[in-house]
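The tour below goes from one selection to the next.

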Amino acid sequence: MKSATEYFSGSEPILTIDPPLQYARRDANPLGTVFNVCGVTIGGPEVVVMAGPCAVESEEQILATARAVKASGAKVLRGGAYKPRTSPYSFQGMREDGLKLLSQAREETGLAVVTEVMDARHIDLVVQHADILQIGSRNMQNFTLLEEVGKCSKPILLKRGMSATIEEYLQAAEYVMKGGNRRLILCERGIRTFEPSTRNTLDLNAVPMLRRHTHLPVIVDPSHGTGHWWMVPYLSCAAVAAGADGLLIEVHSNPQEALSDGPQSLSPDGFDSLMQELRAVARAVGRE
Ligand code: PEP
Ligand code: MN
């Protein structure tokens, strides 16, 4: 199979975006954006796996999960300290204490850290503890937040809005880049459809479509995309075959006890098997 770069550079766009994208458009950087964060190359040949719990819950939980995902080959630790929950009565995250635990996990394991920032008032604090700032699906069109993280010195992981078109998603990316931040990762995490058996419908069409229209790295979150831990390995392999540059996967040291998203979280053993399967798929499509 052609490498993603060979395949997508020079492709005519399918979407006509008006006014046109200036920074995010494919031909603004035809060879594709590649950058380094804490020694991890994003957008290069290696499929970068970011893994960890939905939320940071305790020192034991985050350290046990971080050690496990590191041993299995993950390069970035995920974990929410500020959680966007549908109900105000659900666990909202450990907030600043959670951020401190993420820093502790980085120190111990050497993993880079990605965590969500929900509010522009928290950016300065989150920047002190995170290597990559995540903008969640619910905030993809929070334009003032996008402008603020556009001024930030850390890379941004921008998730697709659950009801956002590809065009709206690319325009959201443009907001961040226009602010000056060129280190942006896109993440397909499933969209809302009429299908109730899965939490969302993982739109793998988005991977080649985004790659055709933008030079930015594209990763996939099969955990939120399906809502079922047992589906995650299948969709992870499919995402890599579709050209994804990385994966964002929920892993919990004890999924049954998770305070959020337990049903879609892999155990450390499940994650380890997935990583082995993934290596074969990555090799088959010319990735590492
Ligand atoms: C998450 O990654 O934990 C999360 C809240 O995801 P999303 O914004 O895609 O729902
Ligand atoms: Mn989650």
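Select Asp261, in the loop between strand 10 (246–250) and helix 10 (268–284). Helices (H or I, at least four residues) and strands (E, at least two) are DSSP runs, numbered from the N terminus. This is a predicted model, in which local features need pLDDT of at least 70, side-chain atom pairs count only at pLDDT 80 or more, and totals for chains, interfaces and linings use all residues. Residues are numbered from 1 along each chain as its sequence is written, chains are lettered from A and ligands numbered from 1 in the order in which they are written, and side-chain values use heavy atoms, with hydrogens and water left out.

Stay on Asp261 and check its backbone: phi is near 60 degrees, a positive value in a residue other than glycine. Most residues other than glycine have a negative phi. Asp261 has a relative accessibility of 17% and counts as buried (buried means under 20% relative accessible area, exposed over 50%, partly exposed in between, with a 1.4 Å probe and protein chains only).

Cys54 and Glu250 are both buried.

Now select Gln264, also placed in the loop between strand 10 and helix 10. Gln264 is buried, at 2% relative accessibility. Its side chain makes a polar contact of 2.7 Å with the side chain of Glu250 and another of 3.2 Å with that of Asp261. A polar contact is a pair of N or O atoms within 3.5 Å; within protein, one must be able to donate a hydrogen and the other to accept it, and residues adjacent in sequence count only if both atoms are side-chain atoms.

Move on to Arg95, in helix 3 (residues 95–109). Arg95 is not a glycine, yet has a positive phi of about 55 degrees. Arg95 is partly exposed, with a relative accessible area of 41%.

Finish at Pro19, in the loop between helix 1 (4–8) and strand 1 (35–37). A cis peptide bond joins Asp18 to Pro19, with omega about -5 degrees.
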